[in-house]
Amino acid sequence: NPYNIDFKYRMEHIESDYTHNLVPTDFWLSVKLAKIVKHCWLEAYDEVGGLDFTRACAPKVIHLIGSASWDKGTYTLGTAEGGLKVTLYMGNWLDLTNVDRMNEYYFKVMHHEFAHILHQTKNYDPEFDRISEGSYTGGDWYNVANTTALREGFVDGYASSEPREDFAETLAVYITNTADFWKSQLDKAGETGGPIIQEKMEYIRIYMADTWGIDVDKLREIIQRRSKELDSL
């Protein structure tokens, strides 16, 4: 303990869920993850939405947990609470050499949780919820394979859980992946699922532009560029 930190005090007062077994994030991994959050998330929105937007909407607390939050065979990668706090899990799994893991465990999660903050602040058109009404799987989402989800009009299994997760996950998948990847997913979704996903994305596109003044395609370009700049941090 070279920093003379009272770990007993820290563990008693950490703002985490006491019903789960969690561990802190390694100090230096926390430093790296904080720089990634700043560069690939907050400053990306600075570029596309302006400083005033980010200052007004960005969470005031970024809470890092070293482990995943396991629950009955599934695990939580992030949570957003009341537009003020975002918790990111699996900080001790940070591996800058694994691009796919970085995108799945960190980049997509950051933008997914921020999407929750945005719609918690100003809600999207409720018509979005009716696009796949009757098809949501609730707590059984983890039994839905991504290929099946695509054919049913969801970007992945988790998006099929409920409308709010569908909204956040669709936006996050869109902006953290390339245009070619998005097209490949629509191709996999086929003639049934593809148009449903496109309709959802159109609602999201209009919401982000009309409510927040953000062009999601410009945002995607910025995120793609910044996610390739980690070696320079």
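**Ground rules.** I'm working from a predicted model, where local features need pLDDT of at least 70, side-chain atom pairs count only at pLDDT 80 or more, and totals for chains, interfaces and linings use all residues. Residues are numbered from 1 along each chain as its sequence is written, and side-chain values use heavy atoms, with hydrogens and water left out.

**α2 and α9.** I looked up how helix α2 (residues 27-49) meets helix α9 (residues 216-227): their axes come within 9 Å and cross at roughly 140°. Helices here are DSSP runs (H or I, at least four residues), and strands are E runs of at least two. Axes are lines fitted to C-alpha atoms over the stretch in contact, with angles from 0 to 180 degrees between N-to-C directions. The contact (heavy atoms within 4.5 Å) involves His39, Cys40, Glu43, Ala44, Tyr45, Glu47 and Val48 of α2, plus Lys218, Leu219, Ile222, Ile223, Arg225, Arg226 and Ser227 of α9.

**α7.** I then counted 11 of the 13 residues of α7 as buried, meaning under 20% relative accessible area with a 1.4 Å probe, protein chains only. The cover over them includes α2, α4 (99-121), α5 (127-131), α8 (179-212) and α9.

**Met90.** I found Met90 in the loop between β5 (85-88) and α4. Met90 isn't a glycine, yet its phi is positive, about 65°. Met90 is also buried, at 0% relative accessible area.

Note on methods. Buried < 20%, exposed > 50% of the residue type's maximum accessible area, 1.4 Å probe, protein only.
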